[in-house]
Amino acid sequence: SDRWAKAEAILKELDEECGAPAAKLRPVADAMTVEMHAGLASEGGSKLKMLISYVDNLPTGDEKGLFYALDLGGTNFRVMRVQLGGKGSKIKQESEEVSIPPHLMIGSSQELFDFIAGALAKFVSTEGEDFHLPPGRQRELGFTFSFPVKQLSLASGTLIKWTKGFHIEGTVGQDVVGELTKAMERVGLDMRVAALVNDTVGTLAGGRYNNPDVVAAVILGTGTNAAYVERANAIPKWQGLLPKSGEMVINMEWGNFRSSHLPLTEYDQSLDAESLNPGEQIFEKTISGMYLGEIVRRVLCRMAEEASFFGDNIPPKLKIPFILRTPDMSAMHHDTSSDLKVVGSKLKDILEIPNSSLKMRKMIVEICDIVASRGARLSAAAILGVLKKLGRDGIKDGEKQRSVIALDGGLFEHYMKFRNCMVSTLEELLGEAADNIVIEHSNDGSGIGAALIAASHSQYL
Ligand code: ADP
Ligand code: MG
């Protein structure tokens, strides 16, 4: 019928606009490399901030002692303690995850930091006998804060902007370590922040601790970002003394990448325009977990409106932004039952669409596939861009140079079709050089990494 023809046409258009064959991905990778150079050359030289992390040494394995880590970056925050025993010993660790009440993500700075400090204090009070703080010492913390920060030193930095659904008046321009420290004082917790790190930097440190070939870290979670090890003399904007190691970890903030080569659609445009941060984080909005489900919802909305896809009426729930979450999209995408019953139950439970036909369900799975594949393939192109910047995207005459990329984040961890597509696309793009590149899942590397960086910058060294 006419209805189906119109729906098919919308689907076909989506497929064409989201298509990212290798020939379209290479210019994306090249643009990433170019923007990396520009962001390193001067402050504000690129949409890529290429932030200097002040981490000029990655963990060696010699780190010792009790350290805490706190990871604030999206929907949850995590507190962790580790007991480091130096070379060859296993890290003892305990952690707890606390979900952030949504009203705190758009409330006041003080409320958010008080909540975090309170949860940290509670966690510290459960410290058991396995963990040892030498008498008279202050506890020390690595603070993983996964929003763009202009670092002033390893243990201080001002917030550039909120992302990922956070929108808190008054924090931008403030030193987030100062905010946390004041909150810790208010709740009576005696702890020093020894390091402020982005989650990508923490993941890089945690990854390197386990594997000396780790050169970069990528997060695919609520948002997306990457960090890598740069030569200090390849950072023209760096005004300070060159570090002894000759290296500096750079937090790319690649979520803000943007290029005319990105395959964008009307759905991306309206999502962006109606977001809390219009015009910002365009790359993040096409590939990360906060947004993939929302893109699918927008496609379904148009199909409902223009093709009566769900019948004469538009299901009211379908109009609610962010009602379709990426984990639900992922569940539908992975539905292997012959009648696509997972798709059917998600439609019923989330969108209150009771009677979906198999044909409808198949089309929905196809939409999920198109949207997830685009995100996964663009992620692979971005990684290629970083490898190109490092000169690690090819084969150097005969030399076998192994490069490991530490990956973490809920999207990478749980969305298997996304993950597999990303890995196979990277192989496709690298060709025979793919043999030298390894994608490694760095499970919770960011917390341990932050604790390791705190340990190597302890006040007691
Ligand atoms: P954050 O990025 O907030 O620090 P995570 O790395 O745990 O936290 O990532 C959480 C994100 O991962 C969620 O916002 C969601 O988008 C995505 N995610 C979690 N579980 C799944 C899943 N089963 N399928 C797809 N995406 C998932
Ligand atoms: Mg995280």
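For the ligand stop on this tour, Ala, Val, Leu, Ile, Met, Phe, Trp, Tyr, Cys and Pro count as nonpolar, Asp, Glu, Lys and Arg as charged, and the others, Gly among them, as polar. Keep in mind that you are looking at a predicted model.

**Stop 1: the whole chain**

Start with everything in view and colour by confidence. The average pLDDT of the chain is 96, and 100% of the residues score at least 70. For the complex, the predictor reports an ipTM of 0.99 together with a pTM of 0.97.

Now switch to a cartoon, where you can pick out 15 helices and 13 strands. Along the principal axes, the C-alpha atoms occupy a box of roughly 75 × 55 × 40 Å. The radius of gyration is 23 Å, which agrees with the value near 23 Å for a compact globule of 461 residues. Buried residues make up 48% of the 461.

**Stop 2: the nonpolar core**

Next, select L196 and A451. Within the largest nonpolar core, which has 136 residues, these two touch the most other members.

**Stop 3: around ligand 1**

Centre on ligand 1 and show the 15 residues around it; G74, G221, G289, G410 and H414 come nearest. Two helices to highlight here are α10 (326-333) and α13 (410-414), each supplying at least two residues of the shell. How does this shell divide into nonpolar, polar and charged residues? Colour it by class and you will find 4 nonpolar, 11 polar and no charged residues.

**Stop 4: two residues with positive phi**

Finish in the loops. Select E352, between α11 (341-351) and α12. Its phi is near 55°, a positive value in a residue other than glycine. Is E352 buried or exposed? E352 has 11 other C-beta atoms within 10 Å, so it is exposed, the cut-off being 12 or fewer.

Then move to D444, in the loop between β13 (437-441) and α15 (445-455). D444 is not a glycine either, yet its phi is positive at about 55°. With 18 C-beta neighbours inside 10 Å, D444 counts as partly exposed, because a buried residue needs 20 or more.

Note on methods. Residues numbered from 1 in each chain as written. Chains lettered and ligands numbered in written order. Predicted model: local features only at pLDDT ≥ 70, side-chain atom pairs only at ≥ 80, totals over all residues. Helix = DSSP H or I, 4+ residues; strand = E, 2+ residues; numbered from the N terminus. Rg over C-alpha atoms; globule rule 2.2 N^0.38 Å. pLDDT = per-residue confidence, 0-100. Core = buried A, V, L, I, M, F, W, Y, C linked by C-beta atoms within 7 Å. Near = placed C-beta within 6 Å.
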